Amino acid sequence: MSWLNQPKIYSHEIHTHSLVEDAALAATLDRYPAELLDINAYSYDAEGQVSLETGERGRADGATLLEAIKAGQVWVNLRDAHEAHPELWRHIQPVFDEIADDLGVKPIKVTGQLILSSPQTKVPYHFDAAGVVLFHLRGTKRLWVYPTDEAHLPQESMEKVIMRVQAEELPYRLAFDGDAQVVDLQPGQALTWPLYAPHRVENQGVFNVSLSLDFQTWETRLTRGAHYANGVLRRWGLAPGAMDKTPMAARAGLWAASLAMKKANLAPNLIKDYQRSFALSDQVKPAA
Ligand SMILES: [Fe+2]
């Protein structure tokens, strides 16, 4: 399997479909299962460090929620869109199949989330423990994609993120931006990048709609499991080897070990306990 060593842009036509217009988005928000709807608000300090709050929609209907997104600094994810939004997924899947062919990857698991975000929304520096294709549908967003070396993506931090013992945050410094490739993503484009490449996003002053597709291949699944096992071993005082020097057969062994470790509950998932700390209904003024 080959994998990219720099970001790559593909084109699509999904942004021309009425499914991405306001009326359809409001209707989607109205009917979307509440347990699959995440509302996030980010705030930044002068150093670019971020804090995250999560919230619930309160009693807001779809149109009100959409207006709150356009007016505020919230970030709404409609998770599991590959199952919960089949009308949209019908258009995404064939384009993704072509992209996967072009990348030479054989996905074994594909998930998607539809992301509606405010004009000023920023997503902090992070990596995703999967392959990603970001289908851009409305607005403009700027992405910084960083190198995957130890300086930008320390292996120990990766392990902690993959073990889910901390929110998906990596150490970030503003100076990293000089090392990044910068992409201004437009509707009709789909962006992918090297596996695990750290990235951050800033909307360019307009309401944005994107569909983020995550995929796993056997190679990514084994590698993710190997990071998990290494994280547990490191906790036990052992020093795991560098992943880029760990052959796939050894990763498979570590992946198998990670399954046993998870069964033994050696790294409880603390994110599950993350409390929802605000309700959107407190922020939205009732309609006159
Ligand atoms: Fe991401």
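Predicted model: local features only at pLDDT ≥ 70, side-chain atom pairs only at ≥ 80, totals over all residues.
So, helices and strands: the chain has 7 helices and 13 strands. By helices I mean DSSP runs of H or I with at least four residues, and by strands runs of E with at least two, numbered from the N terminus. Residues are numbered from 1 along each chain as its sequence is written.

Of the 288 residues in the chain, 33% count as buried. Buried here is 20 or more other C-beta atoms within 10 Å of the residue's own, exposed is 12 or fewer, and partly exposed is in between, with C-beta atoms placed from the backbone. Now contacts, meaning two residues whose C-beta atoms, placed from the backbone, lie within 7 Å. Taking those between residues at least 6 apart in sequence, 89% join residues at least 24 apart.

Okay, sheets. Pairing of two strands means that DSSP finds at least two bridges between them. There's an open sheet of 4 strands, in the order 6-11-8-9, with antiparallel pairing. Which strands stand at the edges? Strand 6 (122-126) and strand 9 (181-185) do; each has a single partner strand, so one side of each is left without a neighbour in the sheet. On average, neighbouring strands of this sheet are turned by 15° against each other, direction ignored. For angles like that, axes are lines fitted to C-alpha atoms, for helices over the stretch in contact, and angles run from 0 to 180 degrees between N-to-C directions.

Strand 9 pairs with strand 8 (residues 141-145) over 5 bridges, in the antiparallel sense. Gln181 is in strand 9, and Gln181 is the bridge partner of Val145. Not counting residues up to four places away in sequence, Gln181 touches Gln6, Pro7 and Val145. It counts as partly exposed because 14 other C-beta atoms lie within 10 Å. Gln181 and Leu143 are 38 residues apart in sequence, and C-alpha to C-alpha they are 8.1 Å apart in space.

Next, strand 12 (residues 208-216). Strand 12 runs antiparallel to strand 5 (residues 109-117), joined by 9 bridges. Strand 12 also pairs with strand 7 (residues 131-138), antiparallel again, over 7 bridges.

Buried or partly exposed? Arg138 counts as partly exposed, because there are 18 C-beta neighbours inside 10 Å. Leaving aside neighbours within four places in sequence, Arg138 is in contact with His15, Val20, Pro187, Phe207, Asn208 and Val209. Take Val209: 71 residues from Arg138 in sequence, but 4.8 Å away C-alpha to C-alpha.

On to the cores. A nonpolar core is a set of buried Ala, Val, Leu, Ile, Met, Phe, Trp, Tyr and Cys residues joined through C-beta atoms within 7 Å. The largest one has 48 residues, and those with the most contacts inside it include Val133, Leu191 and Leu213. Helix 4 (residues 86-103) gives the most to this core, with 5 residues. Leu191, leaving aside neighbours within four places in sequence, is in contact with Pro7, Ile9, Leu134, Leu143, Val183 and Leu185. There's also a second, separate core of 12 residues, with Val161, Ile162, Ala226 and Tyr228 among them.

Now a helix pair. The axes of helix 6 (residues 218-235) and helix 7 (residues 248-263) come within 7 Å and cross at roughly 60°.

Asp80 isn't a glycine, yet has a positive phi of about 55°. Asp80 lies in the loop between strand 4 (74-78) and helix 3 (81-84). Tyr196 has a positive phi as well, near 70°, and is found in the loop between strand 10 (189-192) and strand 11 (199-203). How do they sit? Asp80 is partly exposed, with 16 other C-beta atoms within 10 Å, whereas Tyr196 is buried, with 23.
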